[in-house]
Amino acid sequence: GCGVVRNELHVVDITDLWSPELIKSYEFVHPLGLGVDENTLFLCDDNAGLKVFDVKDSEAIQDNMIKHYTGINAYDVIPWNNLLIMVGDDGIFQYNYSDPENMFQLSQITVQ
């Protein structure tokens, strides 16, 4: 609402909660929800799909994309114990991500 549109992911060091420090910013199409499980980041990039990254090196996240799942309009994700719950245009989905490069769908609840 203030005229500035930023479609960025910000990596912030919160070691000192009273003085957080921006480490790096990454531009995306339209990042929405995200989830992290250990060193794996799941980023919902709206119509650009679901993007999966290795985040061990916070200075090179975009250089370490594991997989870009196109054809998915993703709004939010919850990763837990190799199960990814994702909300998108077509409903709520469950994926197995034990191999993030080859995730597979387990179920879908269609929402109209």
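1. Strands here are DSSP runs of E, at least two residues long, numbered from the N terminus, and two of them pair if DSSP finds at least two bridges between them. With that in hand, look at V77, which stands opposite M86 in β8. Keep in mind that this is a predicted model.

2. Now the pairing around that spot. β7 and β8 (residues 83–88) run antiparallel, and 6 bridges join them. They belong to an open sheet of 4 strands, ordered β7-β8-β9-β10, with antiparallel pairing. β7 (74–80) and β10 (104–110) sit at the edges with a single partner strand each, so one side of each has no neighbour in the sheet. From one strand to the next, the twist averages 20°.

3. On to the packing. The largest nonpolar core has 14 residues, and the members touching the most others are F42, L50, L84, M86 and M103. At least two residues of this core come from each of β4 (40–44), β5 (50–54), β7, β8 and β9 (91–96).

4. M103 is worth a click. Leaving out residues up to four places away in sequence, M103 touches F42, L50, Y69, L84, Y95, N96 and Y97. There is also a second, separate core of 9 residues, with L9, V11, Y26 and L43 among them.

5. Last, T40 in strand β4. Is T40 buried or exposed? T40 counts as buried because its relative accessibility is 15%, and the cut-off for buried is under 20%. Beyond its neighbours within four places in sequence, T40 contacts G35, V52, F53, V55, I66 and P100.

Key:
Residues are numbered from 1 along each chain as its sequence is written. This is a predicted model: local features need pLDDT of at least 70, side-chain atom pairs count only at pLDDT 80 or more; totals for chains, interfaces and linings use all residues. Side-chain values use heavy atoms; hydrogens and water are left out. Axes are lines fitted to C-alpha atoms, for helices over the stretch in contact, and angles run from 0 to 180 degrees between N-to-C directions. A nonpolar core is a set of buried Ala, Val, Leu, Ile, Met, Phe, Trp, Tyr and Cys residues joined through side-chain atoms within 4.5 Å. Buried means under 20% relative accessible area, exposed over 50%, partly exposed in between (1.4 Å probe, protein chains only). Contact means heavy atoms within 4.5 Å.
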